[in-house]
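Biologist: Could you take one part of this model and go through it closely, from its start to what comes after it?

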Amino acid sequence: MSPPTTSTDAARHDRVTELGGFEVVDGGGRWVSLTFALIALVALMWLSVDAFSQRLGVDRDLAVPDIQVQDFTGQGLADAQREVEASGLVATIEFRANDLSDYPPGTIFTQRPLEGTKLPAGARVTLIGSSGPSQFVVPDVTGQELEEAEQLLNATGLLPKAVPEYSDSVRVNEVIESRPRSGTEAAQGSTVSIVVSAGYAPRRVPKMVDVQAQKALNLLGRSGLGVGSIDTVYRQGAKAGNVLETSPPAGTVLTRNSAVDVVIAGPPPTVSVPSVEGLSQSRAEGEVVDAGLTVKLLLLQVPRGSPDDGRVISQGVPPQTSVDPGFEVELIVGRAPPPPPTLPPATTSAPVTIEPPVEQPEATDVGPQTPEPTAPPPVTAPPETTPPVTAPPETTPPVPPVTAPPETTEPPPTVEVPVAGG
């Protein structure tokens, strides 16, 4: 039977051996022994290294001397940087504006720390190089009026110079940009160009003659110009729908959105046929000709005394029909036959009376005679004479000459046209 376990045994670890029974093991003392062994090993190694260094004659307290900073002003940037690094120091570069003429841009005009300062090896030395005269930052003048921008640049120490440029988006006399741009450093008194808007750029009228109308108007719009009046005119030989002319002509310089008038070729014009039914032939022909048409006359025989005699009974093309100029319109005119010819009445000639000749006494030459006293002649009654009775000659009444009717021109052809309602 196993003995009872005491409190002292509780602090130990028990294990069972192969032969039976329990074996007591003390775990904490093992780790303490291992720690002391390591410390002893380190001490032994240090003593070995110290003995070896003393044998070689090496001084364990070696001191490195400080480096005195030299004067690098006036030197070029590359030369000064090379000397700093050769002395065992590290060079850092900075730039600063400098108005002194002795230190042009790219030369060292000051340093930090100054000459004579002692620094340990590897310390930093700052070399300050000249970037030229003092710089002024160009102010932002975009969107300002020209006068305002000039005043601001003058106050900054810069000289403004106005440079006009056309612009379709910036108002006239307004600043578009500055050159150099805002935020750029510039030397005092340097010139800054102010780009100011001169308004819309001028436009040129594009070539549109002989171009199809829709395409021509698109060209006009892309050119920045507007469309004025659009007229359609027929012109023989021109293709309908093409531009005939523009006003002003192509190549003319105009301001933006200026109007350009366009003339486009249209189709041939049409003529409306007038209504001439019931009009007299002469009046109907006149109205058709005045409308720009031609007349073809057809005659229709009507009875004597018909109201259609000499008037248009019908027309070949209905009224108000649209036709091309010069179109031939047929007019059907009524024509009554002429009356029959009448002979003149027969006339008789009056009888011709032939009076007998009166015998005259022959005159004889009896010489000079003394006049005898004359007495009034006796009154004698005229002898009674009976005129001879003569029978009138038989006369045949003259036959009146037959006169042929005057030659007439061949009348227009007579056609038979059915009359409405007949």
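Biologist: Which residue follows α5, and what is its phi?

Modeller: α5 is followed by G224, whose phi is positive, near 85°. This is a predicted model, in which local features need pLDDT of at least 70 and side-chain atom pairs count only at pLDDT 80 or more, while totals for chains, interfaces and linings use all residues. Residues are numbered from 1 along each chain as its sequence is written, and side-chain values use heavy atoms, with hydrogens and water left out.

The helix itself, α5, covers residues 213-222 (helices are DSSP runs of H or I of at least four residues, strands runs of E of at least two, numbered from the N terminus). Its N-terminal end is capped by Q212, a side-chain oxygen of which lies 2.9 Å from the backbone nitrogen of Q214 (a polar contact pairs N or O atoms within 3.5 Å, one able to donate a hydrogen and the other to accept it; residues adjacent in sequence count only if both atoms are side-chain atoms).

Within α5, the buried residues are A213, A216 and L220 (buried is under 20% relative accessible area, exposed over 50%, partly exposed in between, with a 1.4 Å probe and protein chains only). Seen down the axis of α5, these buried residues fall within an arc of 65°, so they line one face of the helix (the arc is taken from the directions from the helix axis to the C-beta atoms). That face packs against β14 (226-233), β15 (243-247) and β17 (259-265), with contact meaning heavy atoms within 4.5 Å. On the other side of α5, Q214, K215 and R222 are exposed.
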